[in-house]
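Here is a short report for a first look.

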Amino acid sequence: MAAKKAAEDNVKEEIIEDIEKKGKVSKAEAEKEEKIAEKMEEKADKKPAKKVSKKKSETAEKMSDEEQEIVAKEAEKESLDDKDLQEKKKKLLEKAKKLAAGVEISTEELKEQVKVEKRTDMLVPLEDYINAGIYIGTKVVTPDMRPFVYRRRADGLAIFNTDLIDEKLKEGIKYLSQFRPHEVILVCKRQAGWRAAEKFSEITGIRVFTKKYPAGILTNSTLPDFFENELTVICDAWVDKNALSDTKRINKKVLMVCDTNNFSRGADKIIIGNNKSAKSLGIIFYLLAKGYCEAHKLESYENIPDIEWWIGNEQGGSEAEAKRKAKAGARFGV
């Protein structure tokens with residue numbers, strides 16, 4: 001019995017020793033774990049990742065501030081631009097008011113001013129064109145002449161645009177001035193233009209054919225009076241058709257006076273206007289003679305009669321001529 005008790009006591013002592021050893025080990029391990037945890041915490045605090053994250057947060061905060069500054073500047077610019085635009089608008093409105101206050105001319109007055117300016121550029125005053133009746137056409141209007149017609153009167157006569165008459169006369173003078181007197185002939189079989197045509201020939205030295213044009217004088221070299229020319233001035237294509245035909249047959253140039261019932265076919269340059277009235281043909285030949293003498297600096301320029309001579313000697317006047325046209329019906333070639 002004593003031996004059993006001794007053995008049991010020994011076992012108890014070993015168990016107690018083991019328990020005590022285990023307790024010590026666990027305490028030591030606990031202490032080690034605590035120390036490891038403390039070290040991990042210290043390392044975690046000293047890790048660069050956390051520092052980078054802090055830097056990132058700081059840079060993010062800085063970027064947001066910069067963005068805010070940029071946005072603020074842009075907003076200021078926009079507001080300033082709006083202010084500038086408003087100021088410009090105000091200035092423009094003020095200028096417009098001043099101009100509106102300063103300009104008191106109506107549209108009708110402006111039209112009159114434009115007309116006056118145009119009249120100052122004309123070869124002769126508009127009143128001279130009207131007195132000569134150069135603007136009065138016929139009842140017949142060909143397709144070639146339609147662009148130059150301004151309107152029709154109540155009696156059916158077509159009316160030329162006087163601005164276009166003046167423009168075409170300028171072109172005709174310039175074209176005629178390209179040739180020397182011996183290179184040009186003027187053909188005018190209509191009796192109303194004989195007087196002015198002969199005066200034109202006397203002043204310029206250009207050969208003129210009135211009353212009758214000798215057939216073949218330009219084309220038949222066997223004729224004793226045959227001669228060559230470079231330009232033929234035709235007063236009316238219906239009446240002077242033989243001269244026009246001969247000129248085109250030899251391929252020479254044609255300057256033609258066209259009324260509303262004329263075709264411009266065969267002409268290299270045209271002058272528009274009434275070619276059936278002495279007054280109208282008179283002012284045409286007057287302007288052609290004046291312009292030609294100026295261009296060639298002829299001494300005969302000083303001997304050109306006044307415009308009254310060219311348009312002043314027709315019985316009945318331009319209105320009488322217009323009535324005659326209306327009554328006759330203004331047939332082709334009349």
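## Strand pairing

Two strands pair if DSSP finds at least two bridges between them. Strands (E, at least two residues) and helices (H or I, at least four) are DSSP runs, numbered from the N terminus. This is a predicted model: local features need pLDDT of at least 70, side-chain atom pairs count only at pLDDT 80 or more, and totals for chains, interfaces and linings use all residues. Residues are numbered from 1 along each chain as its sequence is written, and side-chain values use heavy atoms, without hydrogens and water.

Strand 5 (residues 231-234) runs parallel to strand 3 (residues 184-188), joined by four bridges. Leu231 is the bridge partner of Val184. Strand 5 also pairs with strand 6 (residues 253-258), again parallel, over four bridges. There Val233 stands opposite Leu255.

Strand 5 is covered on both faces. Leu231 and Val233 on one side, and Thr232 and Ile234 on the other, are all buried (under 20% relative accessible area; exposed is over 50%, partly exposed in between; 1.4 Å probe, protein chains only).

## Cysteines

The structure has zero disulfides (cysteine sulfur pairs within 2.5 Å). The sulfur of Cys188 lies 3.7 Å from its closest cysteine sulfur, in Cys235, too far for a bond. Cys188 is buried at 0% relative accessibility. Cys235 is buried at 3%.

## Two helices

The axes of helix 6 (residues 194-204) and helix 8 (residues 278-296) come within 9 Å and cross at roughly 5°. So helix 6 is roughly parallel to helix 8 (angles under 35 degrees). Axes are lines fitted to C-alpha atoms over the stretch in contact, and angles run from 0 to 180 degrees between N-to-C directions.

Among the residues that meet are Phe200 in helix 6 and Phe285 in helix 8 (contact means heavy atoms within 4.5 Å).

Key:
Angles under 35 degrees count as roughly parallel, over 145 as roughly antiparallel, 65 to 115 as roughly perpendicular and the rest as oblique.
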